[in-house]
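Let's take a friendly walk through a protein model, starting at its surface and moving towards its inside. Keep the structure in view as you read.

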Amino acid sequence: MKVILFAGAEIRDYSFCESYMDGADAVICCDAGMRHAKALGIDPDYIVGDFDSTASEVLEYYKAKNIPIRQFPTRKNETDMELGIILALELGATDLVLFGGIGDRFDHTLANAHYLLSLLKKGVRARLVDDKNCVEVIDQHLTLHGKVGDLVSTLPLSMEVTGITLQGFSYPLTDATLTLDGDYIAVSNVLAEETATIDIKSGYLYVIRSRD
């Protein structure tokens, strides 16, 4: 089950959203993420949050459409995005695309990136996406499709990632090891083919597709 989740960080260009939304089974808006759905002309299936950062007219717009809303107190343990993730898991999500989770607040952005590991351990493929980045965490294999010249960085999330093999890249690796406190030798790699593969034997690895 594929779920799209909109959080509140700024999205400057919505043109990238369509390709990720293809085949979505449900859309969840987290608090100010509602403004992104409204800008795209989308009616979400669910809305969650404490609504401390939502324009009242946007909230009233969706209330009038009788969309299910889960409102929480401002003083709570979870971020609004985490509330959306919890709901997505309740719905049975196996593929989760997170929009509006990369923003000016580094603490929020880093926390959202760490959620990817928790989701991976629950058997969910999750991607944190904005107009210039697609971030995910892997523990085995990933096949990438793109254009020759696309930038891809592979950074360790666990203390050690072993058996890293990169094929289809300008800077290939074979059975390499990266450590969290070592040299990041796999930053800004480049696709040499339209299809490339990443394999690891142990650990957790960030795969970050970026563009300038």
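Met-159 counts as exposed because its relative accessibility is 52%, and the cut-off for exposed is over 50%. Keep in mind that the model you see is predicted. You can find Met-159 in the loop between strand E9 (151-156) and strand E10 (160-167). Together with Leu-180, Tyr-184 and Val-187, Met-159 makes a nonpolar surface patch of about 370 Å².

Now for the inside. In soluble globular proteins, nonpolar side chains tend to be buried together. Here, the largest nonpolar core has 30 residues, and the members that touch the most others are Leu-5, Ile-85, Leu-96, Leu-98, Leu-116 and Tyr-206. Several elements each supply at least two residues of this core, among them strand E2 (26-30), helix H4 (80-91) and strand E14 (205-210). Which helix gives the largest share of this core? That is H5, with six residues.

Next, look at the aromatic rings. How many aromatic pairs does the structure hold? There are five. A pair of aromatic rings is described by the distance of the centres and the angle of the planes. Two of the pairs share Phe-99:

| Pair | Centre to centre | Angle between planes | Kind |
|---|---|---|---|
| Phe-6 and Phe-99 | 5.2 Å | 35° | tilted |
| Phe-16 and Phe-99 | 5.5 Å | 80° | edge-to-face |

Phe-6 belongs to strand E1 (residues 2-6) and Phe-99 to strand E5 (residues 95-99), so their pair ties together parts that are 93 residues apart in sequence. Phe-16, in the loop between E1 and helix H1 (17-21), is 83 residues apart from Phe-99, and this pair too links distant parts of the chain. Ring pairs join Phe-6, Phe-16, Tyr-20 and Phe-99 into a cluster.

A ring can also have a charge over it: the charged end of Lys-38 sits over the ring of Tyr-61, 4.7 Å from the ring centre.

Finally, a word on the backbone. Most residues other than glycine have a negative phi, and most peptide bonds are trans. Asn-66 has a positive phi, near 60°. Asn-66 lies in the loop between helix H3 (56-63) and strand E4 (69-71) and is exposed, with a relative accessible area of 68%. Ser-188 also has a positive phi, of about 55°. Ser-188 is placed in the loop between strand E11 (173-179) and strand E12 (189-190), and its relative accessible area of 40% makes it partly exposed.

Technical notes
Residues are numbered from 1 along each chain as its sequence is written. This is a predicted model: local features need pLDDT of at least 70, side-chain atom pairs count only at pLDDT 80 or more; totals for chains, interfaces and linings use all residues. Side-chain values use heavy atoms; hydrogens and water are left out. Patches are made of residues with over 30% relative accessible area and no salt bridge: like charges are joined within 9 Å, nonpolar side chains (Val, Leu, Ile, Met, Phe, Trp, Tyr) within 5 Å. Accessible areas come from the Shrake-Rupley method with a 1.4 Å probe; for residues, only the protein chains shown count as cover. A salt bridge is a side-chain nitrogen of Lys or Arg within 4 Å of a carboxyl oxygen of Asp or Glu. Helices (H or I, at least four residues) and strands (E, at least two) are DSSP runs, numbered from the N terminus. Buried means under 20% relative accessible area, exposed over 50%, partly exposed in between (1.4 Å probe, protein chains only). Rings of Phe, Tyr and Trp (its six-membered ring) pair if their centres lie within 6.5 Å; planes under 30 degrees apart count as stacked, over 60 as edge-to-face and the rest as tilted. A charge sits over a ring if NZ of Lys or CZ of Arg is within 6 Å of the ring centre and within 35 degrees of the ring normal. A nonpolar core is a set of buried Ala, Val, Leu, Ile, Met, Phe, Trp, Tyr and Cys residues joined through side-chain atoms within 4.5 Å.
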